[in-house]
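I opened my notebook to keep a record of what I looked up, one entry at a time. Here is the structure I worked from.

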Amino acid sequence: MTSTRVSDLATAFDGDPSALAEMYRRMRLIRQFEDRASRLYRNNEIPGFLHLSIGQEASAVGACRPLDDRDVITSTHRGHGHCIAKGLDVEGMFAELMGKETGTCRGRGGSMHIADPRKGIFGANGIVAAGLPIAVGAGTAAQLRAQGGVVLAFFGDGAVAQGMFHEAANLASVWRLPVIFFCENNKYAEFSPIATQTRASLEDRAPGYAMDYHHVDGNDVAAVASLVDGLVRELREGGGPVLVEADTYRWHGHYEGDPEKYREPEELAEWKERDPLVRLAARLRELGTDVAPIDSEVDARIEAAVEAARAAAEPSPDTLHHYVGVPREPVPEPAEATGEIFRTMDAIRGALEYELSHDESVFLAGIDVGAGGNVFGLTRGLAEKYPGRVRDTPISESAIIGAGVGAAMAGLRPVVELMYFDFVGVCLDQLMNQAAKLRFMTGGAVSLPMVVRTQFGAGKSSGSQHSQSLEALLAHIPGLTVVMPSTPADTYGLLRAAIRDPNPVVFVENRLMYGRKGPQPPPTHLVPLGRAAIRRPGTDVTLVSYSKLVHDCVDVAEELAAEGISVEVIDLRTIAPLDTATVLQSLAKTGRLVVAHQAVGDFGVGAELAAVAAREGFWTLDAPVIRVGAAGTPAPYAPSLERVWLPSKERIAAAVRESARA
């Protein structure tokens, strides 16, 4: 591994003053944009938070100069300069900051989330370091396409303390991805000097990731551009990730309105003497180029952009629900499967292999999914059959899910595996704040066709951290689809539908059903997302469930038929979006509703259906809605306690009897 410290590479551009002039123009555009944004904010024309990058223009422009349309950048909450440096239009940016419909993201993103994935700008990000796993995903897409694409991931010095930084850097190194991790060290992590945040320098850390390290004066745009130009050429030819640290300084506070009590005025004055625009203007004058016309041109452009943004309309209230997800094309309910008997585990493998063989944009990634064939053997043999498209990862859940997000934004269809449903807490940001929100926050400029496969299954003493049914947690997040199948045929058809869907889908399997058998459907079998199935018709009580518990509910219905109670069993199949129409239609017939699930009863799917029944089915209710769920404790280990904790057939039957007799 090499470590270099670049002091001045400006001579690389001395023979091309037009290149220096163009860099000056872009830097001036950033400076004036940020200055005007500051004034607009003070005048209450910009709502929300505003983080400006005045003083850091050279690092943004120099780093982005070698990039082209193949390339992607990820940014930070201080990302205006990065976006402008990559070519984003300032008129749309001003409109976005003002919350206008003509904004870059149609007023849905604002300053911290400004993006245009169509231009390779995968977005500013309000979560520190969250763009780095996404960059890994974009780098994976570039590597699989093999067209020379490069990803440049901006981050600040404060992000180095985040686990996502480590996970992303490590995974990029393991996969040898074409990613430049570009740290703009502006000396402060929010209010804290970097010396108080970490004891190891980036230069010290780089060998731990087997990465080359390069240090550059971030206020010398020519030095930055020359360095990154060479690195981009290396990465286009197959080089692996590198780490760049650019020393720079932000002139304004962490946010507009920051009282800035954490630094001395003398420090700011010293850095202002190293103003990157002044330095470049002096260089250009030495080369015979007058920057005054550039200044005038930029000022006029900024003024026109502000006026156009001011004149633009705000988003209409009736568009509130736009861009939460991509509308799904209708899929008819397929005929019942009648083929040879196969297992749920065969259904999962078959669906994955079908999509891998029919769509080159599909790839799989996760812990031990490649050489190990998955902890349950579900992907065995696929890595050999589809080299490069079935990838083992380190135990790095945030990087795994983030890689799925970035790859989906880049146009692939990743299927990433979260080994246990319980581990969703480790990577929740990449699901909750990235995958679920990015289409909305970009005003529909991107879709996220990704699947997160995971599994759960209480009943075998797996304990509190490997038994949880957490679907309600994810179903509460707008933008996520949550699927929980109960039969082998549905598992096959729903998994294929999830992979083909343009929205992020969390596909939750029950590991205790991997060996469950049922008739095999034809290879083209697709099951519509968001639609429930009636597993057993009835007239007295509607019993709703999903996943493994559906089979217990069917058994209960058969048992109670002998007592004269006719139970209609509904299998939700998809938790979000919830098929309330099928439930309400059944409720209108039976007048009674019982909901059973393995998840803890409080605040769950049963609670949601009870609310729907009370609001939309009130006049058809003949009895109170009853919920049957796990007890309100963590999952116990001892079998004697777990049996009491889980909803049993006896508890479900008792609830149905209570409803029928009410």
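Is Phe 182 buried or exposed? I found that Phe 182 has a relative accessibility of 0% and so counts as buried, where buried means under 20% relative accessible area, exposed over 50% and partly exposed in between, with a 1.4 Å probe and protein chains only.

Before going on, I noted that this is a predicted model, in which local features need pLDDT of at least 70 and side-chain atom pairs count only at pLDDT 80 or more, while totals for chains, interfaces and linings use all residues. Residues are numbered from 1 along each chain as its sequence is written, and side-chain values use heavy atoms, with hydrogens and water left out.

Entry on aromatic rings. I looked up ring pairs, in which rings of Phe, Tyr and Trp (its six-membered ring) have centres within 6.5 Å, with planes under 30 degrees apart counted as stacked, over 60 as edge-to-face and the rest as tilted. The count by this rule is 8 aromatic pairs. For Phe 33 and Phe 94 I noted ring centres 4.2 Å apart and planes at 35°, so this pair is tilted. Phe 33 belongs to helix 1 (residues 17-42) and Phe 94 to helix 4 (residues 90-97), so their pair ties together parts that are 61 residues apart in sequence; helices (H or I, at least four residues) and strands (E, at least two) are DSSP runs, numbered from the N terminus. Both Phe 33 and Phe 94 are buried.

I then turned to Phe 154 and Phe 182, whose pair is edge-to-face, at 5.4 Å centre to centre and 70° between the planes. Because Phe 154 lies in strand 3 (residues 151-156) and Phe 182 in strand 4 (residues 179-185), the pair ties together parts that are 28 residues apart in sequence. Phe 154 counts as buried too, at 2% relative accessibility. I also wrote down a cluster in which ring pairs link Phe 155, Phe 165 and Tyr 209.

Entry on charges and rings. A charge sits over a ring if NZ of Lys or CZ of Arg is within 6 Å of the ring centre and within 35 degrees of the ring normal. I found the charged end of Arg 274 over the ring of Trp 271, 4.0 Å from its centre, and the charged end of Arg 391 over the ring of Trp 175, 4.8 Å from its centre.

Entry on Arg 496. What does Arg 496 touch, leaving out residues up to four places away in sequence? With contact taken as heavy atoms within 4.5 Å, I listed its partners, among them Ala 351, Tyr 354, Glu 355 and His 525. Its side chain reaches the backbone oxygen of His 525 at 3.1 Å. Arg 496 lies in helix 18 (residues 488-500) and is buried, with a relative accessible area of 2%.

Entry on the backbone. Most residues other than glycine have a negative phi, and most peptide bonds are trans. I noted a cis peptide bond between Ala 576 and Pro 577, with omega about 0°, and placed Pro 577 in the loop between strand 20 (574-576) and helix 20 (580-590). Ser 461, although not a glycine, has a positive phi of about 55°. Phi of Ser 547 is positive as well, near 55°, and Ser 547 counts as buried at 2% relative accessibility.

Key: Polar contact = N/O pair within 3.5 Å; in protein donor to acceptor, adjacent residues only side chain to side chain.
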